[in-house]
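User: Got a model loaded here. Can you walk me through its salt bridges?
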Amino acid sequence: MTIVVPSPAVQAALDAGKPVVALESTIITHGMPWPQNLEVARKVEETVRSAGAEPATIAVINGTLHVGLTDEQLQELAQARGVAKLSRADMAVCMAQGRTGATTVAATMIAAKLAGISVFATGGIGGVHKGAENSFDISADLQELSHTAVTVVAAGAKAILDLPKTLEVLETLGVPVIAFGQDQVPAFWSREAGLRAPLRMDRAQDIAKSHIMRGKLGLPGGQLVTNPIPKDAEIPRETLAPIIAKATQDAENHGISGKDVTPYLLQRIFELTDGLSLEANIALVLNNARLAAEIAQEMCNFDA
Ligand code: PSU
Ligand code: MN
């Protein structure tokens, strides 16, 4: 039974020891509206390629875990309705039933590791939601970072989350949170969260080295690299704060829970900012793709 199917391009890159960057698909199906989702998915792949690495967008399609999608598969996924959002808990069920599902950060990490890919670029990871002391809503992404040895490049945890609690949980789980090129943790749409990052690194080479070092120490789990959104694309924290508060309140009023919370908030903030949040989201994803490609290249140098 073949379960993981790398695309010919991804397989060739892996065989040749060339850098590969994993990409998630939930951002396509649940994170951005059509048709920008397809445009961004393509642009992210191009960005990884022009930075010298092979992109591997990951999704479960009709029960098969694909690592690297054709443009046709990308198009279908971007337009499909009712696609499942897969995390560690539901990936195997989706595959056993021959269904189609998009992979979150957690599921993409699992797939990347299986395929032999060490670096993964996304927008933002899931984390501890505001009010988690009542709802217990803590993304499975955090646990996955402590289990699976993949370095994840993100623009921080989304500002819709409780960032201080998210950092605490990551610390408890032993996940290194590395701010790239600055002292503060970025807050997705904004460059600074007003929180000092636990760790800071300024060079892709060092990030690659610490990933390899963890492996040598026998430590399971990956690294979270938080890469600030480019200056010209950021939305100031003060501008977003009331919008996030409103979106969070709307979610509560509508009784949104579980897996639906993150997609609902992203969509609501998109509406409340007249699409501005999406532009920033696109800029930061591309920025993360570039850094991930650089880290993947550095890892290949160490492997050699
Ligand atoms: N960040 C984005 N867009 C997204 C997500 C994160 O900018 O769509 C997705 C990722 O796939 C992440 C998931 O893993 O949301 C987290 O969902 P939850 O909070 O339900 O664990
Ligand atoms: Mn959740």
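Analyst: Start with Arg 42 and Asp 71: they form a salt bridge, with the closest N and O atoms 2.9 Å apart. The pair links distant parts of the chain, 29 residues apart: Arg 42 is in helix H3 (residues 36–50) and Asp 71 in helix H4 (residues 71–79). Salt bridge here means a side-chain nitrogen of Lys or Arg within 4 Å of a carboxyl oxygen of Asp or Glu. Helices (H or I, at least four residues) and strands (E, at least two) are DSSP runs, numbered from the N terminus.

User: What kind of model is it?
Analyst: It is a predicted model; local features need pLDDT of at least 70, side-chain atom pairs pLDDT 80 or more, while totals for chains, interfaces and linings use all residues. Side-chain values use heavy atoms, without hydrogens and water.

User: How many salt bridges does the structure hold?
Analyst: 12.

User: Is Glu 144 buried or exposed?
Analyst: Glu 144 is buried, at 1% relative accessibility. Buried is under 20% relative accessible area, exposed over 50%, partly exposed in between (1.4 Å probe, protein chains only). Its salt-bridge partner is Arg 88, at 2.7 Å, N to O. Arg 88 lies in the loop between strand S5 (84–86) and helix H5 (91–96) and Glu 144 in helix H8 (residues 140–147), so the bridge ties together parts 56 residues apart in sequence. Arg 88 is partly exposed, at 45%.

User: Which residue does Lys 259 meet?
Analyst: Asp 90, in a salt bridge of 2.9 Å, N to O.

User: Which residues are joined into one network?
Analyst: Lys 246, Asp 250, Arg 268 and Glu 271, through salt bridges that share partners.

Note on methods. Residues are numbered from 1 along each chain as its sequence is written. Chains are lettered from A and ligands numbered from 1 in the order in which they are written.
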